[in-house]
Amino acid sequence: MKGLWHEPLGVDFSAAVIDGLRARLGDAPPEALARVTILVNTNRMAARLRAACAAQGPTLLPRIGLVSDLRPLLPPGTLPEAGTTGLALRLRLTRLVRGLLQARPDLSPPEAAFDLAGTLLTLLDEMQEEAMDPEALERIETGALSEHWQRSLEFLRLVTHWAETTGEVTPAAIQTEALHRLTRSWQAAPPTDPVIIAGSTASRAPTRRLIRAVLDLPQGAVILPGLDTDMPDLAWAELTQGEGPGAQDHPQYRHAALLADHDRSRADCPQWSGARPVAPARNRLISLALRPAPATDAWREEGPALSGIDAACAGITLLAAPSPGAEAQAIALGLRAALADGRRAALITPDRGLSRQVAAQLDRWGIEPDDSAGRPLVQSAPGRLLMQSAAMLGQTVEAEPLAILLAHPLVQAGAGRGDHLKQARTLEVALLRETPCPFPTPALLRAWADDPGSGAMSGPWIDWLAALLDNLATALGKATLAEHLTMHLTVLDHLTGPSEPWAAEAGRSARAVVETLSQAAPELDGQPITTTEYARILHALLSAEEVRESFAPHPDAMIWGALEARVRTAPLVILGGLNDGIWPGQPSVDPWLNRAMRAEAGLRLPDRSVGLSAHDFQQAASGPEIWLSRAARDAEAETVPSRWLNRIENLLGGLGTEAKAVLDAMRARGDHWLTLAAALDRPAARVPAATRPAPIVPAEAQPKRLSVTAIETLIRDPYATYARYVLGLRALGPLRQGPDARLRGVVVHTAMERFARALPDELPDDAAARLRDTLEQTLQDTAPWPAMRRIWLGKFDRLMNELLTAEARRRAAGRPLFVEEEGHMPLPGLDFTLTAKADRLDDRGGSVAIYDYKTGKPPSGPQQAFFAKQLLLEAVMVEDGAFPAIAQRHVDEIAYLQVGSKYDEVRVKLDADVLADTRAGLRALIQAYRDGRPWVARLAPDFIEFSSDYDQLSRRGEWDDTDRALPQRVGR
């Protein structure tokens, strides 16, 4: 039992550990297994060991613990709980970081204090684990460093001094103390029962100290996972030689360092069990491919002598997908095919985005994979509710977040959920989308509900929603963390009502996070924080937790993280996301110490994480059948293949014709699966593209009245008029409203209307001030965006003088007595009425001038000639007496007044012939449609300047503006 052991690559490590243990126990009684203590590196490894024991029949289980949590091996109550201690210390560190950011605001925004405190706590933990002397910070030379690193080092010295003087205890310090007490007790009374460390790569200093202590026990054993027995001894020795940190990015570096630390060679580390690798030839190939970068010259020497290349690569599929979506689709198809053959299959990837896409693809066949990682608590229903409501605390409530919050499945999830959803949908459609309501308030909500035509159904629900808005607004300003949490829970209780958001596994996990935060909140020492800081703290805590909700996944379709490669194996293993930056991932960035400073202080280097990831890859690639999969592009650019994948392909590509043929076969297998996956979404038969629509509408179904602006739409896009007035369809307003061009036009029209009504005669001396006040008040009433109000007001100020100068000339010729005047003009014999709401009609005694305000560019001459007929039609209506407030008069001027980025006037050509042609053209237009003219989609779109709300309805894109329309009668 005693000694340093290994299991080679390509064996089921968990099963091998149990098999070797049972072989050593021999005929010992059943309770002998229960006296064995096995320490592993992850909870997943512990679960797998229990499963391996149970797979051999009913049995007593060994005591299985974690190398990172030794407290169960000590008497109860010996050490404090690490969880609460860690959060409490992080909040105390947040106080220090906030002080730093207040003194140096250029370093980071204050809201980042909690996140920076988390990285600082991680650094303090590492310093404790590596037994770093705080004096090492004093010895770091900062002369050649930038000012940032000098300031950072000064702050770290202060923090470490503060931690020493206050006796702060980090989670790592608790584990260090546990290890110290455990080793002392073992020295005083060594346990006679076996103690085994299994599956650890000894990448951390405390684990290395624990391994040394276990090996000193009478029955202490250490079992290394995935030891490479194919590397030549010289290459193995080079891993730890030299004065530098060694080849820490190599997968076997940690094993080599551990053996060297104990003065052992691989010959002194025999195999624990009798299990044999499933693909020894592939192990040799990958071992050679992953040699340290300076030693790849060994490819030339050892590559030609490499035997069994066909056998090594027969079970490898290289899949290079054009996109992440195509990669996920091919992987899902491969998993489903394996299940159809009765084989277990697993996807191993550190890319959670890819794993979610694969799970979504598997859902098309009703397959729920067993995802070992679960999902972040922040993405669960309780987590989303916590974050959505936290983001709204103390903020001006906006329409879009409110609608999303009201639709959350836990809001009013009791018996009244159906009524709640009905009223929330009515509110969204009738108020939040259809009226300028980007920031709903209780007063605006009640005013809408009191309107008989609003569609609001329930007074109590309106009161409930108004109270919710009041609660959200109550959290304005800064408050302590405890006060924010109390207010947040009040809002949460109001949202959920009698339903219980803390039920089920995700809810219980979320409640545990909230309770832990509540216990630790006083550690901020009453410092006021903003609601944004509170939301970031809550998000960080929820993101750090994972939850696996109860369901019945498929037992043979699995999604594993990279660490699972040490624990489990399957007949088919797919290694997905093999792109640089994903596998291996980018080393975490330390904002406090750069690489050189970490090396000088004796801390772990970033290469360590790459080496651990490489070891996971090497173990995962040693299964019986593997896929090596990547996407050639992501959403932004081309990707770079993983360095390990590059090495395998480069090695095979340089070993001669035979190896090149093997490599081509591996790629061909991947292309085969990509072709099959692409066929999944390919229709069985090609559906003909839609033709350009041109409905022929019966006369009795055609609109009986249109406005002068709708006539322009009728000329340019008859189909849009058909959809709007015949089918009764109109575009739903946006939920996220903004200060767009339409609203700007409303503001200018309203302001000019108010100004003209208030001052219909000659302009007074203070006209500029009064016009500006009018515009400012109009902006206040209709545009609830303070920043945009100032921008628009500034633009208006620049053209104020030019506008008033021109206005004075217009006032000299006439008075703007008719503003926003409505008129109606029937067309005899056609059962049709033309309507208008004129922006401005100036009375010039015996004649009238017509003006229309434009915030954008007025129509050009050709546009006026073909379809921009608004003002000409209004002129026809004036001369026909269609405006009740105005006697039939002659029109002597019509013009567009541009009041936007600049001031300009565009006059429309006007004479008797033009008006006669306009009148006749209108009648001919309506008559043509009454006689059966098709309502063609985008008949005169004016190139790219025209867009329609009905382009999707007409299926534009399947046809374009150059295609012929296909007339079709409707309503028959």
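The following questions and answers cover strand pairing, salt bridges and cavities in a predicted model.

Residues are numbered from 1 along each chain as its sequence is written. In this predicted model, local features need pLDDT of at least 70, side-chain atom pairs count only at pLDDT 80 or more, and totals for chains, interfaces and linings use all residues, while side-chain values use heavy atoms, with hydrogens and water left out.

Visitor: Which residues of strand β11 point the other way from Ala557 and Ile559?
Guide: Strands (E, at least two residues) and helices (H or I, at least four) are DSSP runs, numbered from the N terminus. Strand β11 covers residues 557-560, and all of them are buried; buried means under 20% relative accessible area, exposed over 50%, and partly exposed in between (1.4 Å probe, protein chains only). Ala557 and Ile559 point one way, and the other way point Met558 and Trp560.

Visitor: In which sense, parallel or antiparallel, do β7 and β11 pair?
Guide: Two strands pair if DSSP finds at least two bridges between them. Strand β7 (residues 345-348) has four bridges to β11, and leucine 347 stands opposite isoleucine 559. The sense of this pairing is parallel.

Visitor: Which residue stands opposite methionine 558 of β11?
Guide: Strand β8 (residues 370-371) pairs with β11 in the parallel sense over two bridges. Within β11, methionine 558 stands opposite aspartate 370.

Visitor: What is the N to O distance between the side chains of aspartate 371 and arginine 352?
Guide: The side chains of aspartate 371 and arginine 352 meet in a salt bridge, defined as a side-chain nitrogen of Lys or Arg within 4 Å of a carboxyl oxygen of Asp or Glu. The pair links distant parts of the chain, with aspartate 371 in strand β8 and arginine 352 in helix α16 (residues 352-362), 19 residues apart. The N to O distance is 2.7 Å.

Visitor: Is aspartate 371 buried or exposed?
Guide: Arginine 352 has a relative accessible area of 24% and is partly exposed. Aspartate 371 has a relative accessible area of 14%, so aspartate 371 is buried.

Visitor: How many residues apart are glutamate 130 and arginine 208?
Guide: Glutamate 130 and arginine 208 meet through their side chains in a salt bridge (3.6 Å, N to O). Glutamate 130 is in the loop between α5 (113-129) and α6 (135-138), and arginine 208 is in helix α9 (residues 205-215).

Visitor: Which helix holds both arginine 772 and glutamate 776?
Guide: The side chains of arginine 772 and glutamate 776 meet in a salt bridge (3.4 Å, N to O). The two residues are four apart, about one turn of the helix, and the helix (residues 767-782) is α32.

Visitor: Which element gives the most to the lining of the largest cavity?
Guide: A cavity is a set of points on a 1 Å grid over the protein atoms alone where a 1.4 Å probe fits but cannot get out, and lining residues have an atom within 4 Å of a point. The largest cavity has a volume of about 80 Å³, and its lining residues include Leu775, Trp792 and Phe796. The elements that give two or more residues are α31 (741-758), α32 and α33 (786-813). With five residues, the element that gives the most is α33.

Technical notes
1 Å grid on protein atoms, 1.4 Å probe; cavity = no way out; pocket = protein on both sides within 12 Å on 5 of 7 lines; lining within 4 Å. Points joined across faces, edges and corners; volume = space filled by probe spheres on them.
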